[in-house]
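Here is a brief report on charged and aromatic side chains. Please keep the model open while reading.

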Amino acid sequence: MPVMLDIDGVLADFVTGFRLLANTFDSTVRIHGTHEHTSWDFVDINHDVLVETWKAIDSSYTFWRELRSLLQLKDEIAINTYDDVIYFATSRPKGVKVHHQTNTWLTHQGFMYRGHTLMLV
C-alpha cells in the first residue's frame, strides 16, 4: 500500500530552522524544536520578524536543504525498507529552488535513491 509522508514537522525540523533564522532578526526569539512547538502561527514572534524571516527563506538557496532531521536510525531503516510507493508531500512556499532543495534534503537523508516521489502541494 502506498504511503504519504509529510516533510516539515514529521521528517524535517522546520521549527528549529525557522526559529534560528528568526533569532537573527530578533535575539529574543526563543529557539526550540518541533516537539515543543504548539502553534504554526508563531504567535510569540513579532509580525515584522515573521515577515523578514519568510523573506529570507524565500530568497535562500539553502534553508530547506539544511534543516535537521527529526528521524532516528530506526525510523530511517523502516522508511528505506518499505517495499511499496512512498510519496513525500510538503506545502513549502515558493522560493529559490524549493523543489531542488527538498530533493537534496531527502537524498541526503537516504530517501530518494529508491525512486520515491516528491510532491509539492
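## Charged pairs and ring pairs

Glutamate 52 is partly exposed, at 34% relative accessibility. This is a predicted model. The side chain of glutamate 52 meets that of lysine 55 in a salt bridge, 3.7 Å from N to O. Both residues belong to helix α2, three residues apart, so about one helical turn separates them. Lysine 55 is partly exposed too, with a relative accessible area of 49%.

**Salt bridges**

How many salt bridges does the count come to? The count comes to four. Three of them, including the one just described, are set out here.

| Aspartate 44 | Arginine 19 | 2.8 Å |

Take the aspartate 44 and arginine 19 pair, with its closest N and O atoms 2.8 Å apart. Is arginine 19 buried or exposed? Arginine 19 is buried, with a relative accessible area of 2%.

Glutamate 36 counts as partly exposed at 48% relative accessibility. Arginine 30 also counts as partly exposed, at 47%.

Aspartate 13 sits in the loop between β1 (3-6) and α1. This residue is buried, yet it has no salt bridge. Which side chain of opposite charge is nearest to aspartate 13? That side chain is arginine 68, 4.4 Å away.

Aspartate 13 does have a polar partner. Its side chain joins that of threonine 34 in a polar contact of 2.7 Å. With neighbours within four places in sequence left aside, aspartate 13 is in contact with Gly33, Thr34, Leu67, Arg68 and Leu70. Arginine 68 is thus on the contact list of aspartate 13, although no salt bridge is formed by aspartate 13.

**Aromatic pairs**

How many aromatic pairs does a search of the whole structure find? The search finds eight. In one of them, the ring centres of phenylalanine 14 and phenylalanine 18 are 5.4 Å apart and the planes stand at 45 degrees, so this pair is tilted. Phenylalanine 14 and phenylalanine 18 are four residues apart in helix α1, a separation of about one helical turn. Phenylalanine 14 and phenylalanine 18 are both buried.

Phenylalanine 14 also pairs with phenylalanine 42: the ring centres are 6.3 Å apart and the planes are at 70 degrees, so the pair is edge-to-face. Phenylalanine 14 lies in helix α1 and phenylalanine 42 in the loop between α1 and α2, so this pair ties together parts that are 28 residues apart in sequence. Phenylalanine 14 is buried at 5% relative accessibility. Phenylalanine 42 is buried at 3%.

Which residues do the ring pairs link into a cluster? The cluster holds Phe14, Phe18, Phe42, Trp54, Phe63 and Trp64.

Key: Residues are numbered from 1 along each chain as its sequence is written. This is a predicted model: local features need pLDDT of at least 70, side-chain atom pairs count only at pLDDT 80 or more; totals for chains, interfaces and linings use all residues. Side-chain values use heavy atoms; hydrogens and water are left out. Buried means under 20% relative accessible area, exposed over 50%, partly exposed in between (1.4 Å probe, protein chains only). Helices (H or I, at least four residues) and strands (E, at least two) are DSSP runs, numbered from the N terminus. Rings of Phe, Tyr and Trp (its six-membered ring) pair if their centres lie within 6.5 Å; planes under 30 degrees apart count as stacked, over 60 as edge-to-face and the rest as tilted. Lys and Arg count as positive and Asp and Glu as negative; His and the chain ends are not counted. A polar contact is a pair of N or O atoms within 3.5 Å; within protein, one must be able to donate a hydrogen and the other to accept it, and residues adjacent in sequence count only if both atoms are side-chain atoms. Contact means heavy atoms within 4.5 Å.
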